[in-house]
Amino acid sequence: MSKRLTFICQNCGAAHGRWQGKCEGCGEWNTLSEEGADRPAGPGRKPGKGRLFALEPLAGAAQEAPRTGSGIGEFDRVTGGGFVRGSVLLLGGDPGIGKSTLLIQAAAALAGHRQHAVYISGEEAVAQVRLRAERLGLSQAPVQLAAETSVEDIIATLSEGKIPRLVVIDSIQTMWTDTVESAPGTVTQVRASAQALIRFAKKSGATIILVGHVTKDGQIAGPRVVEHMVDAVLSFEGEGSHQFRILRAVKNRFGPTDEIGVFEMTGTGLREVANPSELFLSERDLGQPGTAVFAGIEGTRPLLVEIQALVAPSSLGTPRRAVVGWDPSRLSMVLAVLEAHCGVRLGGHDVYLNVAGGLRINEPAADLAAAAALVSSLANAPLPADAVYFGEVSLSGAVRPVAQAAARVKEAAKLGFARAIVPEAARAEAGDGAIKLTDVASLAALVADIAARGKRAAAA
Ligand code: TYD
Ligand code: MG
């Protein structure tokens, strides 16, 4: 009997019986590659001969998952208070963003608390890892190192003696297991290797962090299939030109997914940034048209960030709309509301919107700040440098209340801002205290206010 072969899409993991140019699963071209079929799970069990197990009632003593702090506060904030025993995390990020640096620092911090930490590199030699640790001032940390890629060897080694508290696998794409016949880096290999490591984590109680590379379009390459298998998916983000790095939980079975950890890449490794607002506002262009400060919330933490807009006459038939750090469909909506309800004509203008510092905002509360920045740029009217903005804009042009107004206002006051432009309801919630609150009922009112500033500036 001939051996059965399957063609697996390297993008989405869909299996096909024959080769074809386009994957039917995800529509990508030229992503199918020939791989040996997976063996059926479980060692040769006959059907109908299952082991009996006891079912338990849902009601019962719930246990808080035992956790181990990583020793890095910003990391623990994202995981939800430390590593849960037996859990597996996937850390994704662009090459060179600092994944290895973060994890060797976490391993060293954990080892410093007398926890057994192991770092396995499939990409770099032990000497290279040592060199990095030396640069970080961690060469004396009791972390155990190895440069290995065979999953069987790794599990056999780790099972000997004391089970480590934390195992870092850098990266999952370099791992291979001899239970499947495909080449390392293929979906089948990555999935089988991850499965074996996850099984080891669950059995032994060790926490495993798998590093995963990210492709240009932001997907964790190959191991997208792994995302479903692990307990948490963290993504490490940042922009090449900026020193800020943001750690974000995309999925988290044991904690929140809206908290971010903020780091700064320095010459001697990653430094935690406990007060990110100061960092994101540090390079602000005061008094320039087109910039507004948004008082946001990331998880439980208020965060002030600058939103920059440029609205310029377009020479193109279809004007450009470009946005970095915010949802493009949200921008379209704000532009449509400005056109429909505020008499702002943008059809002949290119529009660029950028969230400073490489941060990515997901909150609708940023609508008001984005609109303020856009109108400020169009009217060439600088916004007051001591003001922050927050509020959601509805399709009718009304400014709607958002959550945690008091926390936003408090953060603005702490950073020396004197006023906040807010939805009506926020006034009652936050109360006039440290800073002056100006409420706006509709976007049209804000636009009129900014346009008047522009005229005054032009007349002066
Ligand atoms: P690295 O952790 O190797 O990235 P990844 O594992 O995500 O590919 O980090 C590589 C980059 O970080 C490299 O461009 C150099 C820079 N870096 C610093 O700026 N300071 C440091 O202390 C270290 C160790 C690296
Ligand atoms: Mg690396």
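Okay, let's start with an open sheet of 7 strands, in the order 17-18-16-15-19-22-23, with mixed pairing. Strands here are DSSP runs of E of at least two residues, helices are runs of H or I of at least four residues, and both are numbered from the N terminus. Two strands pair if DSSP finds at least two bridges between them. Before I go on: this is a predicted model, so local features need pLDDT of at least 70 and side-chain atom pairs count only at pLDDT 80 or more, while totals for chains, interfaces and linings use all residues. Residues are numbered from 1 along each chain as its sequence is written, chains are lettered from A and ligands numbered from 1 in the order in which they are written, and side-chain values use heavy atoms, leaving out hydrogens and water.

For angles in general, axes are lines fitted to C-alpha atoms, for helices over the stretch in contact, and the angles run from 0 to 180 degrees between N-to-C directions.

Helix 8 (residues 328–342) lies across strand 17 and strand 18 (349–355), at about 130° to strand 17. Helix 10 (residues 405–414) lies across strand 15 (291–298), strand 16 (301–313), strand 19 (387–389) and strand 23, at about 125° to strand 15. Contact, by the way, means heavy atoms within 4.5 Å.

**Two helices together**

Next, which angle do helix 9 and helix 12 cross at? The axes of helix 9 (residues 367–378) and helix 12 (residues 443–459) come within 10 Å and cross at roughly 35°. The crossing is right-handed, meaning that the near helix is turned clockwise from the far one by less than a right angle. Helix 9 brings Leu 368, Ala 371, Ala 372, Val 375 and Ser 376 to the contact, and helix 12 brings Leu 443, Leu 446, Val 447 and Ile 450.

Now over to strand 7 (residues 117–121).

Strand 7 runs parallel to strand 9 (residues 166–170), joined by 5 bridges, with Tyr 119 partnered by Val 168. Strand 7 also pairs with strand 8 (residues 144–147), again in the parallel sense, over 4 bridges, and there Ile 120 stands opposite Ala 146.

Val 88, in strand 6 (residues 88–93), is another buried one, at 2% relative accessible area. Among the residues that Val 88 touches are Ile 198, Leu 210 and Val 230, not counting residues up to four places away in sequence. Val 88 and Lys 202 are 114 residues apart in sequence, yet 8.5 Å apart in space, C-alpha to C-alpha.

Most residues other than glycine have a negative phi, and most peptide bonds are trans. A cis peptide bond joins Asp 170 and Ser 171, with omega about 5°. Ser 171 is in the loop between strand 9 and helix 5 (187–204).

Arg 114 has a positive phi of about 60°. It sits in the loop between helix 2 (99–112) and strand 7, and at 78% relative accessibility it counts as exposed. Gln 404 has a positive phi too, near 55°. That residue is in the loop between strand 21 (399–400) and helix 10, and at 37% it is partly exposed.

**The whole chain**

To finish, the chain has 12 helices and 23 strands, and 49% of its 460 residues count as buried. Its C-alpha trace spans about 85 × 55 × 50 Å along the principal axes.

Technical notes:
Buried means under 20% relative accessible area, exposed over 50%, partly exposed in between (1.4 Å probe, protein chains only).
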